[in-house]
Amino acid sequence: MTAEQIVLLGGLWLDGSAWSGVAAELEKIGRTPVPVTLPGQGDGNTSATLADQLAAVLAAVDAGPGRSVVVGHSAACSLAWLAADARPERVAKVVLIGGFPSEDGQPYADFFEITDGVMPFPGWDPFEGADAADLDEQARRDFTAAAIPVPEGVAKGVVRLTDERRFDVPVVVVCPEFTPAQAREWIDAGDVPELARAKHVDLVDIDSGHWPMLTRPAELARILAEVQRPTAI
């Protein structure tokens, strides 16, 4: 059974518009993208929590006519995995772009300093190298101008996983600033415990930095369209 829609979740500092290029490409080839503007990341709700974000994702999944492919980028890889945990029967596949799911009991995205209740974009220093290699100066300025500070209640939210049926949901890891070989090494070494227990994990390369939805939207859309096909992985 093929999935009916592709639910798109951006990472930190991004709203649903980050997927505009990918969504347009998916629509051209007859797919149904559902970019989600997560609570606290585009709706002005600075008191939003991780639970609020998960509720928004599950609302999108539940609203679909059938099962969904749920795509998480960066920190939102954990959010996509939480959706599989909460709705294993409704999530056809999980796609993880440039990140991996946190374990139960771990903080969602407690990576950078909290200021006045939010985690602002920290500038480009933490992302120098492969992460931002394909973003020119104008792209960096545009990203910085649009970046939405992430509420503390999201960043410091605790991941809670309860349903082992999540391990039956097929996973596709899209590897941008790292290679499939590196990802496989990390999984096999036990550095990504959730994926080490997942029964079906496929690894797909994309030649980009950390934000392929911005720099390689057509290529990423083709990958997602292929992922959506009801083939075994």
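Colleague: What volume does the largest pocket have?

Modeller: About 390 Å³. Keep in mind that this is a predicted model.

Colleague: Which residues are the closest to its centre?

Modeller: Ser74, Ala75, Gly99, Phe100 and Phe111, out of 24 residues that line the largest pocket.

Colleague: And how many of the lining residues are nonpolar, polar or charged?

Modeller: The lining of the largest pocket has 13 nonpolar, 7 polar and 4 charged residues.

Colleague: OK, next one. How much space lies in the second largest pocket?

Modeller: About 260 Å³. There are 16 residues lining the second largest pocket, and the closest to its centre are Ala139, Asp142, Phe143, Ala146 and Leu214.

Colleague: Which elements give two or more residues to that lining?

Modeller: Helix H4, residues 137-146, and helix H8, residues 212-215. H4 provides the largest share of the lining, 4 residues.

Colleague: What about the classes there?

Modeller: In the second largest pocket, 10 lining residues are nonpolar, 2 are polar and 4 are charged.

Colleague: Changing topic: how many residues of helix H3 are buried?

Modeller: 10 of the 11 residues in H3, which covers 76-86, so the helix is mostly covered, as buried means under 20% relative accessible area.

Colleague: Which ones are buried?

Modeller: Ala76, Cys77, Ser78, Leu79, Ala80, Trp81, Leu82, Ala83, Ala84 and Asp85.

How values were computed. Residues are numbered from 1 along each chain as its sequence is written. This is a predicted model: local features need pLDDT of at least 70, side-chain atom pairs count only at pLDDT 80 or more; totals for chains, interfaces and linings use all residues. Side-chain values use heavy atoms; hydrogens and water are left out. On a 1 Å grid over the protein atoms alone, a cavity is a set of points where a 1.4 Å probe fits but cannot get out, and a pocket is an open set with protein on both sides within 12 Å along at least five of seven lines; lining residues have an atom within 4 Å of a point. Grid points are joined across faces, edges and corners, and a volume is the space filled by probe spheres set on the points. Ala, Val, Leu, Ile, Met, Phe, Trp, Tyr, Cys and Pro count as nonpolar, Asp, Glu, Lys and Arg as charged, and the others, Gly among them, as polar. Buried means under 20% relative accessible area, exposed over 50%, partly exposed in between (1.4 Å probe, protein chains only).
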